[in-house]
Amino acid sequence: MPQFQTWEEFSRAAEKLYLADPMKARVVLKYRHSDGSLCIKVTDDLVQWHLKYCTLRNVIVGGLET
């Protein structure tokens, strides 16, 4: 499972995975309030691809609330 270091790389890879077959793409968001971390996983139903991005930056977490 590739874990991306930058949001830009992750978002491009996730968009590419989604556009390949939108009906089979799944997104899981996991937020831990205790340490303020956010992990985002994107997979397809075939489980051939797992993309993962984790952050402690409040800018990205705050942007998802809107």
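A salt bridge is a side-chain nitrogen of Lys or Arg within 4 Å of a carboxyl oxygen of Asp or Glu. Keep that cut-off in mind as you explore this structure, which is a predicted model. We will visit a charged residue, a sheet and a disulfide.

**A buried charge: Asp 44**
- Asp 44 belongs to strand E3, which covers residues 37-44.
- Which side chain of opposite charge is nearest to Asp 44? That is Arg 26, at 6.4 Å.
- The cut-off is 4 Å, so Asp 44, although buried, has no salt bridge.
- Leaving aside residues up to four places away in sequence, Asp 44 touches Leu 17, Lys 24, Ala 25, Arg 26 and Trp 49.

**The sheet**
- Four strands form an open sheet in the order E1-E4-E3-E2, and their pairing is mixed.
- Strands E1 (3-4) and E2 (25-32) stand at the edges with a single partner strand each, so one side of each has no neighbour in the sheet.
- E1 runs parallel to strand E4 (residues 50-55), and 2 bridges join them.
- Phe 4 has Tyr 53 in E4 as its bridge partner.

**The disulfide**
- A disulfide is a covalent bond between the sulfur atoms of two cysteines.
- Searching the whole structure turns up 1 disulfide, and it joins Cys 39 to Cys 54 with an S to S distance of 2.2 Å.
- This pair links distant parts of the chain, 15 residues apart: Cys 39 sits in strand E3 and Cys 54 in strand E4.
- The link of Cys 39 and Cys 54 is right-handed, with 110° about the S-S bond.
- Are the two cysteines buried or exposed? Cys 39 counts as buried because its relative accessibility is 18%, while Cys 54 is partly exposed at 27%.

Conventions:
Residues numbered from 1 in each chain as written. Predicted model: local features only at pLDDT ≥ 70, side-chain atom pairs only at ≥ 80, totals over all residues. Heavy atoms only, no water. Buried < 20%, exposed > 50% of the residue type's maximum accessible area, 1.4 Å probe, protein only. Lys, Arg positive; Asp, Glu negative; His and termini not counted. Contact = heavy atoms within 4.5 Å. Pairing = 2+ DSSP bridges. Disulfide = S-S within 2.5 Å.
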